[in-house]
Amino acid sequence: MLKLLQHDTNSTKRTYSPRKRAAFTLAEVLITLGIIGVVAAMTMPALISNYKYKVLENQLKAAYSDLNQAAKMFQVHNDMSMSDYAATVSAQEALKAFLKEFKTVLNYNSLTEGQKDDEGNTILASPYDLYTIDGSTLVKSTCDRSGFIWDTQGRTISFDDTPQAGKNGPKVCIDINGEKAPNRYGVDYFVFMFTTDGYVIPWGQVHKDNPDCTNVAGSCTIPPDSCKYTGNTPDSYSCANYALINQHPADSGKDYWHDFVRGR
């Protein structure tokens, strides 16, 4: 019996064999991390750039909405459009009346075209440096008749010449991120226009009350086609027309924010 019990006890014992497990060597881990680092270094600048332009696109859409809302409220409160009102007063008075509807105004600057500095030099009518869309040339604001307002979001807004009676205007320029870079036409600085029916439209958009236009300088209010990636300022005046819909001005197969503003 004792032998039988001993046999049974021994029969419950098991012998386990060591099993090899797969693992990465330190060299393999370091090589993998190195590859990941190289890929990240190559892709991060593009990702950051894409994010930056997406932010600007969203800021533009928000600014366009805010301008339209203020224009409609002005029409409700004054029983006339900003265009009709601006045709009867100076650009400075028009801007001051408009900012009453733009309730987030922080500051006003009376700087206008033709003012001179202490040394008698004519000042470019911009409270800070502005550049052409390609960033190559320092230029003045095209809305340089009214002074400038700043709102709580840091945006700057200004008006140009007052319109003719019954015509759209004045031009209204907005820097969607204020004094922050890049301060370039068609990138963060855009031109719009008030309409006789109480709205704000991108400069260059078709409307029944657009004034006649033979060139893009002087008192001309609506350019026929002025959004090109060049160093000439008027060639970027109507870029808001394309930026709002993210469409390349010259190539239907490309977009505005990813291609055009990068000179492609």
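F24, L26, V29, L30, L33 and I36 together make a nonpolar surface patch of about 670 Å². A patch here gathers residues with over 30% relative accessible area and no salt bridge, joining nonpolar side chains (Val, Leu, Ile, Met, Phe, Trp, Tyr) within 5 Å and like charges within 9 Å. A salt bridge would be a side-chain nitrogen of Lys or Arg within 4 Å of a carboxyl oxygen of Asp or Glu. Areas come from the Shrake-Rupley method with a 1.4 Å probe, and for residues only the protein chains shown count as cover.

A word on the model itself: it is predicted, so local features need pLDDT of at least 70 and side-chain atom pairs count only at pLDDT 80 or more, while totals for chains, interfaces and linings use all residues. Residues are numbered from 1 along each chain as its sequence is written, and side-chain values use heavy atoms, leaving out hydrogens and water.

L26 belongs to helix α2 (residues 26-78), and its relative accessible area of 64% makes it exposed. The cut-offs are under 20% for buried, over 50% for exposed and partly exposed in between (1.4 Å probe, protein chains only). E57 is found in helix α2 too, but E57 is buried, at 7%. Leaving aside residues up to four places away in sequence, E57 touches N246 and W257; contact means heavy atoms within 4.5 Å.

Now step back to the whole chain. It has 5 helices and 8 strands, running α-α-α-α-β-β-β-β-β-β-β-β-α from the N terminus. Helices (H or I, at least four residues) and strands (E, at least two) are DSSP runs, numbered from the N terminus. Of the 264 residues, 41% are buried.

Aromatic rings come next. Rings of Phe, Tyr and Trp (its six-membered ring) pair if their centres lie within 6.5 Å, with planes under 30 degrees apart called stacked, over 60 edge-to-face and the rest tilted. That rule gives 12 aromatic pairs. One of them is edge-to-face: F98 and F194, 5.2 Å centre to centre with 75° between the planes. This pair links distant parts of the chain, with F98 in helix α4 (residues 91-99) and F194 in strand β7 (residues 189-194), 96 residues apart. Both F98 and F194 are buried.
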